[in-house]
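The following briefing concerns a single protein model.

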Amino acid sequence: MKTLPVVQIRTTPSLLSIDADPGQYSIRQPKAEVKLNTRPSKLTVESHPIRLNVDQSKAFSAYTGGNMIDMNARIYSGIEQQFLQNMANRVQQGNQLAAIHKPGNTIANIIGTDWQPQPFPETRTPASFDNVDIRIETRPPDIRFQAAVSEMNVTVNRPEIEYQRGKLDIYVKQYASIQYTPPTVDMGL
């Protein structure tokens, strides 16, 4: 028996080649910029001078008699007082002279004792430890305080992102092919 000739078909598949490298990310972020401004605290102390008042007018009045107006007033009032006292002494001497009939009331006894001079009125005031008045006036200091102030400014820099694409090569490594091989034909028939 004879077989039928068969056609041989030979196929070659296509081969695709894919060469891929992944892409690369590069992320960089610069540091944030920080600006810090501080106004320092401020303390202001203002002190006031001390006032010292010394009143020595009573002391000067005791030492020298003081001013002319006060001294003249003391002399005037002292002379008036002295005049009244001298007048009272003269009246008493007159009364003693009127009683001349009493023993011991002679003119020499009455007027002879009046030979001492009368002192001039005192022009000075009495001396005392309290003649100087001292007053001290103080005021508390003015204190002002300003607290420190800090200001912070932050500038944030955005991240810098770079992307480098990878390569993607797609190519045909082997093309598809079909090959037909016919059977051998016997020509001898």
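Leu168 is located in strand 11, where strands (E, at least two residues) and helices (H or I, at least four residues) are DSSP runs numbered from the N terminus. With a relative accessible area of 55%, Leu168 is exposed; the classes are buried for under 20%, exposed for over 50% and partly exposed in between, using a 1.4 Å probe and protein chains only. The model is predicted: local features need pLDDT of at least 70 and side-chain atom pairs count only at pLDDT 80 or more, whereas totals for chains, interfaces and linings use all residues. Residues are numbered from 1 along each chain as its sequence is written, and side-chain values use heavy atoms, with hydrogens and water left out.

**Nonpolar surface patch**

- Leu168 belongs to a nonpolar patch on the surface, together with Leu16, Ile18, Ile170, Val172 and Tyr175.
- Patches consist of residues with over 30% relative accessible area and no salt bridge, with nonpolar side chains (Val, Leu, Ile, Met, Phe, Trp, Tyr) joined within 5 Å and like charges within 9 Å.
- The accessible area of the patch residues together is about 680 Å², as given by the Shrake-Rupley method with a 1.4 Å probe, where for residues only the protein chains shown count as cover.
- Strand 11 provides the largest share of the patch, namely three residues.
- At least two patch residues come from each of strand 2 and strand 11.

**Salt bridges**

- The structure contains five salt bridges, each defined as a side-chain nitrogen of Lys or Arg within 4 Å of a carboxyl oxygen of Asp or Glu.
- One of the five joins the side chains of Asp19 and Lys167, at an N to O distance of 3.4 Å.
- Asp19 is in strand 2 (residues 15-20) and Lys167 is in the loop between strand 10 (160-164) and strand 11 (168-174), so this pair ties together parts that are 148 residues apart in sequence.
- Both partners are partly exposed, Asp19 at a relative accessible area of 32% and Lys167 at 37%.
- Arg144 and Glu46 form a salt bridge through their side chains, with N to O at 3.9 Å.
- This pair links distant parts of the chain, Arg144 being in strand 8 (residues 142-146) and Glu46 in strand 5 (residues 42-46), 98 residues apart.
- Arg144 is partly exposed at 44% relative accessibility, and Glu46 is likewise partly exposed at 39%.
- A salt bridge also connects Asp133 with Lys58, whose closest N and O atoms are 4.0 Å apart.
- Here Asp133 lies in strand 7 (residues 133-137) and Lys58 in helix 1 (residues 57-63), a link between distant parts of the chain, 75 residues apart.
- Asp133 is partly exposed at 24% relative accessibility, as is Lys58 at 45%.

**Aromatic pair**

- The structure holds one aromatic pair.
- The ring centres of Tyr25 and Tyr163 are 4.8 Å apart and the planes are at 45 degrees, so the pair is tilted.
- Rings of Phe, Tyr and Trp (its six-membered ring) pair if their centres lie within 6.5 Å, and planes under 30 degrees apart count as stacked, over 60 as edge-to-face and the rest as tilted.
- Tyr25 is in strand 3 (residues 24-28) and Tyr163 in strand 10, so the pair ties together parts that are 138 residues apart in sequence.
- Tyr25 is exposed, at 63% relative accessible area, whereas Tyr163 is partly exposed at 45%.

**Buried polar residues**

- His48 occupies the loop between strand 5 and strand 6 (51-55) and is buried at 18% relative accessibility.
- The side chain of His48 makes polar contacts with the side chains of Arg139 at 3.2 Å and Asp142 at 3.1 Å.
- A polar contact is a pair of N or O atoms within 3.5 Å; within protein, one must be able to donate a hydrogen and the other to accept it, and residues adjacent in sequence count only if both atoms are side-chain atoms.
- Beyond its neighbours within four places in sequence, His48 is in contact (heavy atoms within 4.5 Å) with Arg139, Pro140 and Asp142.
- Ser61, in helix 1, is buried with a relative accessible area of 8%.
- Apart from neighbours within four places in sequence, Ser61 is in contact with Gly66, Arg74, Arg124 and Thr125.

**Helix 2**

- Arg90 is in helix 2 (residues 68-98) and is exposed, with a relative accessible area of 53%.
- Arg90 and Thr44 lie 46 residues apart in sequence and 78 Å apart in space, C-alpha to C-alpha.
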